[in-house]
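Here are my notes on this one, as promised. Have the structure open while you read.

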Amino acid sequence: MKIADDQPSGLSALDRPNSYIGRSVPRPNLTRLMQGRGQYVSDVVLPRMVHAAFVRSPHAHARIKAIATGAAKESPGVVAVVTGAELAAVITPWVGVLTHLKGIKSAPQHAIAVERACWQGEAVCAVVARSRAQAEDACALVEVDYDVLAAVTDPETALEETTPVIHPELGDNLTFERSLNAGDVDKGFAAADAIVAATFMFGRHTGVTNEPRAIVADWNPAEARLTVYQGTQAPHMTQNLFAKHLDLEERQVRVITKDVGGSFGIKVHIYADEMAIAALSKLLRRPVKFVADRFESFSTDIHARDHRVTARIGVKRDGVITAFEIDDLTGIGPYSVYPRTSGIEANQVVNLVGGPYTCPNYRARARVVFQNKNVMCQYRAVGHPIATAVTEGLVELAAAEIGMDPAALRRRNLYADDAYPATSAAGLKFEGLSHHASLDKLLAMMDYAALRAEQARLRARGVHRGIGLASFIEVTNPSAAFYGVGGARISSQDGATLRLDATGAVFCHSGVTEQGQGAESVLAQCVASSFGVPIERVRVVTGDTDNVPYGGGTWASRAAGIGGEAAWQAGKALRANVLAAAASILQADPAALDIRAGVVVDADTGRERMGLDEVARIVYFRPDTLPPGFQPEFLVTRHYVPRGWPFAFTNGVQASYLEVDIKTGQIALLKHWCVEDCGTVINPQLVDEQIRGGIVQGVGAALFEHCLYDEDGQLLNGNMMDYLVPMAGEMPDIEIGHVVTPTAESELGAKGAGEAGTAGAPACVMNAVNDALRPLGAAPILTMPITPERVLRALGKV
Amino acid sequence: MPGRAVEIRLRVNGEAVHERVDARRTLVDFLREELGLTGTHIGCEQGVCGSCTVLVDDAVVRGCLMLAVQCDGARVDTIEGISDSGAIADLQDAFARRNALQCGFCTPGMLIGAQDLLRRREIPSRDAIREHLSGNYCRCTGYHAIVDAVESVAQKRAGRI
């Protein structure tokens, strides 16, 4: 392996001399992280800081009769022992609902449980001490008297009349329900030559970020300000929430996000224990730190998926799909998560099923129910892995049913590449996608025909390999349609502020955040290109609500497409301002000048006129020499939000090649491919690595990851010994290709790429397993994770 | 409950350290909280994720599975010392150019694990690299880029590219 040097990729029309768009520029902040000089919240230490630990409910559902804190208060190092009722005097509860999810309901949730614990792991009491170890010692001395209540754990029976209602005031255990009926579904099925029905099960899993959730809250009563160091994806969102529930103004709250040890949607929500830490700081008037340990992560970080989808597809003999129908049921724990709600994933499943295909007949129902398990909410690729696995699972089952090659069946039904703009059966608006070009490229990359021949050859020798495909669409660059219209104070716009410093370097302050995906690098590339300086001269600052433009942060694959466009526009604006100053100094026409590689030049010849350092020197230190009345402005801000399209849909297709050991049920992943179209590719290496990482997360869901609960709501495997994650040894090499269909909505044309890998991987791995087992007469495996046991059961061996 | 404090003497990144520590204190807590060496991270406290990987007398060790008192008389090297010495500069360069890290939380442990492999074998196969790093959990990269980076350094050190 030789690592290629950064060079133009040819992937972008903006990829030209003096441009960094389309180039694999290394990220500037990596050196720090590689030398152990990162600054994660786990590393933050402040004067007077104390540490919190929580007593957590061992029961899935229990009334809290009494909490005895006397012994804990006497324990060495203890500063305070605070119950939910005591903390409720400082912080108000919240309800995780949004108005655009019609009918969604939830109950008030407290920072620390008051009267009742609703899942195993919910905090019932906090202990604050001089060290975390002392706080944990004292937690063991807190005595809680519980009255154990019946736990509702099975979504299938959650709505039955005999099932207890978790929040009686809500009337039933239904959080949210959505139905959709497009085209004429009954007619579609009547016209089909074959109808395939299937039930897909998606296990609960979770994010397992390397760095657990961490927060340091510092209420300074002398300033009446709360400073929160938090590993979050959305600092302005959490600023609003801390202010709202602690009776503060937003301007009194500063959220600082430095290095974050992985997010993936886990850190885009507000958690009860994080709210509790802010409240404890206000109560104790000093900094309070909390870093979840791994057991707490498993029982309190949002879980994801947990869907049961019964589904049908109708198909004609020639491969034309005539109808889709799904019924989705998902359990989300006892509360809809704040502030984004736990209704979004099911809503996305309804939106996305059938999305790549032209079939106009589609009926869907999704029901979201409460249960006494940990809360569930949006995690990387929200809804996409479910919708893609259901759609693509049905497509390959249908192909097998009518004896058609699955790639050929897709070609018959995918939107044509010249069919745009188009609107899907579910009402999704597509500006421009490239399903066919992507599929063609993928099949060429993997040499599909040769692989099929190899598969057949090996099968004759008793080696069982499978090939699975999955076409998909991905929601990126969300407009206000996602949250703003529903009343959530989560910004869809984002901004970038640029400042030329006194030496000709540029500071870029952006509202998006760096979670390791490379947002800061992408922003620097945009600024360096549109302003015209070497990238080394751009310093990017993110993650500080006191110092960056108001913005949404990083989620739904928005940082590059939205934050990047704002930075691009800001660069252009600063260039105009600097050229105005240079023109004034040079007594030239600003339109005849340009900035290239940090030097003001004649636009037509490229002749160097003056360095930016010299422009800055004159403007900052010798303004007396400028013409009267001319005031240079070397600080500019530009904002961007998509307005023309609710979302910038991307598309792609993945393939998995794997081998199943039919004696042990073990699955060996041999190779994985993905062709993705995220529009303009700003940094090809960063895009590829987002996709690779996303694919492996999807593979984890397909084969390994499962939060196992017993019927009493006890999490059985909440630690890294028992919960399997993908490690290097089991993962394949992953080949990535691109098709480029820029969005015309922005000048850059970039769409998002952060979730494409996770969206498609479970579907194509599942399809590959079933492709391997089908000739053996095995029943299709449609339950994830696909464990060796499930493989052997499908083969009738256990 | 806190146990008795024990006096230990060790060398950390070449510097003499003489401290009293709780007997129950793990090595990683000792490094992070007593010595301020926060480059060694805590991920699972069960020895699974590898974020707390350090060297103790040149052996790769999980800092969460060893007590500080067990390091009395030992030589401990962390990512800070190994970086400053330049011993893995080529590996770090390859990781940066290949974007073999994203959030960076696993990276100190990953680098120490990779260096351990590169000292043992001339040019490991990609499978051998994957196998050797299978005790280091990375959620971001999907591992492919890490394997590329380690492979490229192995080839470079062997003078093959």
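**Notes on chain B and one hairpin in chain A**

1. In chain B, 53% of the contacts with a separation of 6 or more are between residues 24 or more positions apart (contact: heavy atoms within 4.5 Å). Keep in mind that this is a predicted model, where local features need pLDDT of at least 70, side-chain atom pairs count only at pLDDT 80 or more, and totals for chains, interfaces and linings use all residues. Residues are numbered from 1 along each chain as its sequence is written, chains are lettered from A and ligands numbered from 1 in the order written, and side-chain values use heavy atoms, without hydrogens and water.

2. Six helices and five strands make up the secondary structure list for chain B, in the order β-β-α-β-β-β-α-α-α-α-α. These are DSSP runs numbered from the N terminus: helices are H or I with at least four residues, strands E with at least two.

3. Of chain B's 161 residues, 62% are buried, meaning under 20% relative accessible area with a 1.4 Å probe, protein chains only.

4. Over in chain A, strands S22 (residues 593-596) and S23 (residues 599-602) run antiparallel, joined by four bridges; pairing takes at least two DSSP bridges. A:Arg596 sits opposite A:Val599. Two residues separate the strands of this hairpin, and A:Ala597 has a positive phi near 50°.

Note on methods
Buried < 20%, exposed > 50% of the residue type's maximum accessible area, 1.4 Å probe, protein only.
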